[in-house]
There are 2 protein chains.
Amino acid sequence: MSNSSEPGRVVVIGTVGIDDIETAQASVQGVLGGSATYAALASRFFAPTTMSSVVGHDFPAAHLELLTERDIDLSSLETADGLTFRWGGRYAVDMNVRETTFVDLNVLEHFDPKVPQHAVAESFVFLGNTDPSIQLRILDQVVDPRFVIVDSMDFWIKADRRRVSEVFARCDCVVLNDEEARLFGGHANIPRAVRTILDLGPSYVVVKRGEFGAALVSDDGWFFAPAYPLDEVVDPTGAGDAFAGAFLGSLAAANSTDNAALRRAVVYGCVVASFTVEAFSVDRLAELTRHDIDSRYVEFGDFAAF
Amino acid sequence: MSNSSEPGRVVVIGTVGIDDIETAQASVQGVLGGSATYAALASRFFAPTTMSSVVGHDFPAAHLELLTERDIDLSSLETADGLTFRWGGRYAVDMNVRETTFVDLNVLEHFDPKVPQHAVAESFVFLGNTDPSIQLRILDQVVDPRFVIVDSMDFWIKADRRRVSEVFARCDCVVLNDEEARLFGGHANIPRAVRTILDLGPSYVVVKRGEFGAALVSDDGWFFAPAYPLDEVVDPTGAGDAFAGAFLGSLAAANSTDNAALRRAVVYGCVVASFTVEAFSVDRLAELTRHDIDSRYVEFGDFAAF
């Protein structure tokens, strides 16, 4: 693959939803959420971004406006009969512990995503966490992508490990948090768990480690980026998807997936994730500027230099 | 303080004991252990090291020999009437979870450490984890040290937070693991918890984060070093003390506590800790060469570069 300097396009396929979120300090209801939302709002800082998802008739116009105003291509955002996907989550005082209070799949239940063919060739594709059968149907439609990253979660790993493995085998990079990596790999030891995933075929695994940052693993070895030390985490929701969006956007901007580009992408992922958790929902992510991102990126350069 | 190029001396004051250790894979009985043991065996790679502690009449000659042969100054290692300190620990499959199976203080119960006055002036001092009343008595004897680091643990933080605070206030650097930092600081948020400690007076806090490495925090900001990615952790016992010993030894070798020296010291700490956990007890630490350490140190240079 050539390393052209023309930026690539990001295609994000995931959920768009309405969230109720509770923390020990505060709570919000009916806020914008979903994996595709966070990922697209993060990647658009770096590269043109197309979002493929479905919402219901009740999806607030203000949410649509927010996405449109931030130059996200919504031509593949379907509006179906029925209600928008809704999710509720409650965080413990230790923000690493989250309980899902409810899930109303609504229009997601019968969603059969159409991958936007005008966008997908030579694109940088993010498959958000969902049923691996759906992820496989999406992959069937992803023709000639430049780079495909995929997320999953404990529920699907337990429910359908075989299909999750099939999905991983067909992607370039698997992005999981450390608990999901341990669960999938069947090892408490992360390097071994990651090896199990790499052995399936993907060239890269990114392990998201919450307050400990992220690690990129490939046959070339390990790269570690810390999390930005924040005095207050308001709402961790979407941090992982924002990470993935910024990671992919940064690769698309460089139109490169070489080692240097991947390392920079991990740092950009950590930077944007750190802003995301500073406010509820997408509040901080939506108001962020590229200058904010670049300033914090520079700070990361000093975090690990010796 | 000047940054002389003549190496300083390390003085380690802590426990020397006999351990029984169980993991999910294997177990060992009657092996060499104790905070001073691990710290001194780590620091001696970098700088001349004096160890102050107490053992009983039953302390095996082979253990003494091992320490002597590795050039550790044992002139302040007292042999008291009674039995040597004994400790038993059992690790879960997840090596981050440890249960203490027994503690026999034995000669430690009435131990009143004498700080070796021939060694302490201008030295780099490690106060291993113990009763904060004892740590305060030690600090009274530490005259004109160059740099003092201290460790503590949940038991003492809960039992005598006031005295632990007094100890921290009198040291240059507090070394804790993340759970201890959260507990002492009274915040789940690590940056806030660390701020609580820095506000007491020490210039530096090092947060040991197990498989996630270590962070150095001061008014100058944050430095993060990852843990070396190991396919197998055999026995985590003593990793934190070996970290502290290598950290301090590296500072003593440079005879400097400037920011660059501290960052290198954190990395050396992570390097030596990573070797320590590759075998039970001090088996790997005792057989290690400086060349092993330097090779892995070079690898760390690539882990976070972008």
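At what relative accessibility does B:E166 stand, and as what does B:E166 count?

Analyst: B:E166 counts as partly exposed, at 34% relative accessibility. The scale is simple: buried is under 20% relative accessible area, exposed is over 50%, and partly exposed lies in between (1.4 Å probe, protein chains only).

Some ground rules come next. This is a predicted model, where local features need pLDDT of at least 70 and side-chain atom pairs count only at pLDDT 80 or more, while totals for chains, interfaces and linings use all residues. Residues are numbered from 1 along each chain as its sequence is written, chains are lettered from A and ligands numbered from 1 in the order in which they are written, and side-chain values use heavy atoms, with hydrogens and water left out.

Back to B:E166. Its side chain meets that of B:R162 in a salt bridge, at 3.1 Å from N to O. The term means a side-chain nitrogen of Lys or Arg within 4 Å of a carboxyl oxygen of Asp or Glu. Both B:R162 and B:E166 sit in helix 6 (residues 161–169) of chain B. They are four residues apart, about one turn of the helix. Helices here are DSSP runs (H or I, at least four residues), strands likewise (E, at least two), numbered from the N terminus. B:R162 is exposed, with a relative accessible area of 55%.

Salt bridges also form a network in chain A. Shared partners join A:E22, A:R90 and A:E99 there. Over all chains, the whole structure holds 34 salt bridges.

One of them pairs A:E278 with A:R296, at 2.9 Å from N to O. This pair links distant parts of the chain, 18 residues apart. A:E278 lies in the loop between helix 10 (259–276) and helix 11 (283–287) of chain A, and A:R296 in helix 12 (residues 290–303) of chain A. A:E278 is partly exposed at 22%. A:R296 is buried at 9%.

Another joins B:E69 and B:R70, at 3.7 Å from N to O. B:E69 counts as exposed, at 56%. B:R70 is buried, at 14%.

Now the sheets. Chain B has an open sheet of nine strands, in the order 5-4-1-8-9-10-11-12-13, with mixed pairing. Two strands pair if DSSP finds at least two bridges between them. The edges are strand 5 (72–79) and strand 13 (221–225) of chain B, each pairing on one side only. The twist averages 15 degrees from one strand to the next. Strand 12 (residues 214–218) of chain B runs antiparallel to strand 13 of chain B, over five bridges. There, B:L216 stands opposite B:F223. Helix 7 (residues 178–185) of chain B packs on this sheet. Helix 7 of chain B touches strand 9 (147–151), strand 10 (173–177) and strand 11 (204–208) of chain B, where contact means heavy atoms within 4.5 Å. Its direction makes about 110 degrees with that of strand 10 of chain B. Axes are lines fitted to C-alpha atoms, for helices over the stretch in contact, and angles run from 0 to 180 degrees between N-to-C directions.

Chain A has an open sheet of four strands, ordered 3-2-6-7, also with mixed pairing. Strand 3 (27–33) and strand 7 (98–104) of chain A are the edge strands. Here the twist averages 20 degrees from one strand to the next. Strand 2 (residues 17–22) and strand 6 (residues 86–91) of chain A pair in the parallel sense over five bridges. A:D20 stands opposite A:G88 of strand 6.
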